[in-house]
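Subject: Structure handover

Dear colleague,

Please find the structure below. My notes on it follow.

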Amino acid sequence: MRGRIAVAGMMLLAAACSTEPERTDPPDGLTAQIMQYRGKRLTREIAVAVANDTDRRIELTSMRLTSNRWSEPARWSGNEEVGAGAGTGLDVDPPSGTCPDGEGLSASAELAYRFGDEERRSVVPVEDPHGVLRDLVDGDCGEQAFDEAVTMTVGTPRVRDDTWSSRITLTPRQPNDTVLLGFAPTLRFAFGPRTPAEVEIPLDRPQRLTLDVVMGRCDPHIVAEDKVGSRFGAWVRTPGLEYGYFTLALDERIHDSLEQFYAQRCRP
């Protein structure tokens with residue numbers, strides 16, 4: 001009797017596990033691509049724009065987004081109805097990207113959805129027409145290479161006339177082939193002539209740089225729409241990457257000093 005109960009229990013468990021539909025090819029017209037809203041530049045959050053160019057309604061219930069430049073997938077779950085000829089965006093917070101390993105960037109989304117009266121599960125290639133995913137993973141790789149190459153020390157800022165200045169010291173942590181290609185300003189903050197904006201500075205030896213900041217734009221539109229603030233960018237090159245762009249890690253005292261400098265000189 002116990003044996004029969006055990007067998008019955010195993011059959012019920014197998015039935016429960018088999019409720020997920022098997023993978024099928026996606027219908028013609030179901031496509032996906034990566035996008036990023038302007039306000040998400042600092043949060044890393046991206047969206048998968050799913051287009052339903054079929055003749056039937058689709059109801060999305062989950063997505064597993066994978067890339068060969070991620071160590072783990074990004075996931076979404078919910079209930080999103082997409083009419084025929086319509087589209088929607090599924091927001092995900094992606095993991096940190098890895099450095100390239102000799103192959104091109106690729107991504108795919110495994111979608112669980114209801115297509116008409118059918119429950120389906122399909123893998124859809126994900127396009128990256130605007131380079132959002134590539135910029136993200138290359139930036140992660142560049143930031144990782146920079147952090148592994150050097151220790152960055154930012155000196156006490158000084159303000160003289162219309163210029164905010166600080167000295168940046170880069171001390172190698174270990175032998176490396178990482179090259180600093182320069183810093184990038186923001187819309188509200190511009191750089192003075194001593195700031196290395198387009199350079200090729202090897203990071204296998206100590207470097208002392210000057211960060212000179214001057215006023216950029218001060219019109220009301222820029223102040224209201226600014227999404228970056230005083231977060232300057234940096235470019236680096238590594239043996240496997242032509243360039244990776246990431247946000248330079250400045251502590252809050254530096255950001256506060258820059259914002260105070262800007263507020264004293266900007267009256268939009």
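**The open sheet**

Strands E13, E11, E15 and E16 form, in that order, an open sheet of four strands with antiparallel pairing. The model is predicted, so local features are given only at pLDDT of at least 70 and side-chain atom pairs only at 80 or more, while totals for chains, interfaces and linings use all residues. Residues are numbered from 1 along each chain as its sequence is written, and side-chain values use heavy atoms, with hydrogens and water left out.

Helices (H or I, at least four residues) and strands (E, at least two) are DSSP runs numbered from the N terminus. Two strands count as paired if DSSP finds at least two bridges between them.

E13 (201–202) and E16 are the edge strands; each has a single partner strand, so one side of each has no neighbour in the sheet. Within the sheet, E11 (residues 179–184) and E15 run antiparallel and are joined by five bridges. Val 179 is found opposite Arg 237 of E15. Helix H2 (residues 132–149) packs on the sheet and touches E15 and E16, its direction making about 85 degrees with that of E16. Contact here means heavy atoms within 4.5 Å; axes are lines fitted to C-alpha atoms, for helices over the stretch in contact, and angles run from 0 to 180 degrees between N-to-C directions.

**Strand E1**

Buried means under 20% relative accessible area, exposed over 50%, and partly exposed in between (1.4 Å probe, protein chains only).

E1 runs antiparallel to E2 (residues 46–52), with six bridges joining the two; Ala 32 stands opposite Val 50 there. With E7 (residues 118–127), E1 pairs in the parallel sense over two bridges, and Gln 33 has Glu 127 of E7 as its bridge partner.

**Aromatic pairs**

Searching the whole structure gives five aromatic pairs. Rings of Phe, Tyr and Trp (its six-membered ring) pair if their centres lie within 6.5 Å; planes under 30 degrees apart are stacked, over 60 edge-to-face, and the rest tilted.

One of the pairs is Phe 189 with Phe 232, edge-to-face at 6.0 Å centre to centre and 80 degrees between the planes. Phe 189 lies in strand E12 (residues 189–191) and Phe 232 in the loop between helix H3 (220–225) and E15 (233–238), so this pair ties together parts 43 residues apart in sequence. Phe 189 is buried at 0% relative accessibility, and Phe 232 is buried at 1%.

Trp 235 and Tyr 245 have ring centres 5.0 Å apart and planes at 55 degrees, so they form a tilted pair. Trp 235 is in E15 and Tyr 245 in E16 (residues 241–247), 10 residues apart. Both are partly exposed: Trp 235 at 28% and Tyr 245 at 34%.

Phe 189, Phe 191, Phe 232 and Tyr 262 make up one aromatic cluster. The charged end of Arg 188 sits over the ring of Tyr 262, 4.5 Å from its centre (the criterion is NZ of Lys or CZ of Arg within 6 Å of the ring centre and within 35 degrees of the ring normal).

**Thr 195**

Thr 195 lies in the loop between E12 and E13 and is buried, at 6% relative accessible area. Leaving aside neighbours within four places in sequence, Thr 195 contacts Phe 183, Thr 210, Leu 211 and Asp 212. Its side chain reaches the backbone nitrogen of Asp 212 at 2.7 Å.

Regards

Key
Polar contact = N/O pair within 3.5 Å; in protein donor to acceptor, adjacent residues only side chain to side chain.
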